[in-house]
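Dear colleague,

Please find the structure below, handed over for your records. A summary of the findings follows it.

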Amino acid sequence: MSNNPQDTKFKQWLDILQQESWQLELIISGFAIYGLFMIIDPIELGNLEAQN
C-alpha cells in the first residue's frame, strides 16, 4: 500500500462501515423474518384448497 493519505482515509472509512453494518443487517433480517411469518397463513390456506 502507498502512504497516500486518501488511501488511509478510505481504509478507515471501510473499517468503520464494516463495524457499523450490523445495524443494517439486523433491520434487513427483521423484515425477512417478519415476511416469512406473514406468508405462513396464505401458504397453508392454499394447501388446504389444493387438497379439496
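What percentage of the 52 residues in the protein do buried residues make up? The share is 0%, where buried means under 20% relative accessible area, exposed over 50% and partly exposed in between, with a 1.4 Å probe and protein chains only.

This is a predicted model, in which local features need pLDDT of at least 70, side-chain atom pairs count only at pLDDT 80 or more, and totals for chains, interfaces and linings use all residues. Residues are numbered from 1 along each chain as its sequence is written, and side-chain values use heavy atoms, with hydrogens and water left out.

The protein contains one helix and zero strands (DSSP runs numbered from the N terminus: H or I of at least four residues for helices, E of at least two for strands). Its radius of gyration is 22 Å, well over the 10 Å that the globule rule gives for 52 residues, so the protein is more spread out than a compact globule. That radius is taken over C-alpha atoms, and the rule is 2.2 Å times the number of residues to the power 0.38. Along the principal axes, the C-alpha atoms fill a box of roughly 70 × 15 × 10 Å.

One salt bridge is found in the whole structure (a side-chain nitrogen of Lys or Arg within 4 Å of a carboxyl oxygen of Asp or Glu). It joins the side chains of Asp15 and Lys11 at 3.5 Å, N to O. These residues are four apart in helix α1, and therefore separated by about one helical turn. Asp15 is partly exposed at 31% relative accessible area, and Lys11 is partly exposed at 41%.

Yours sincerely
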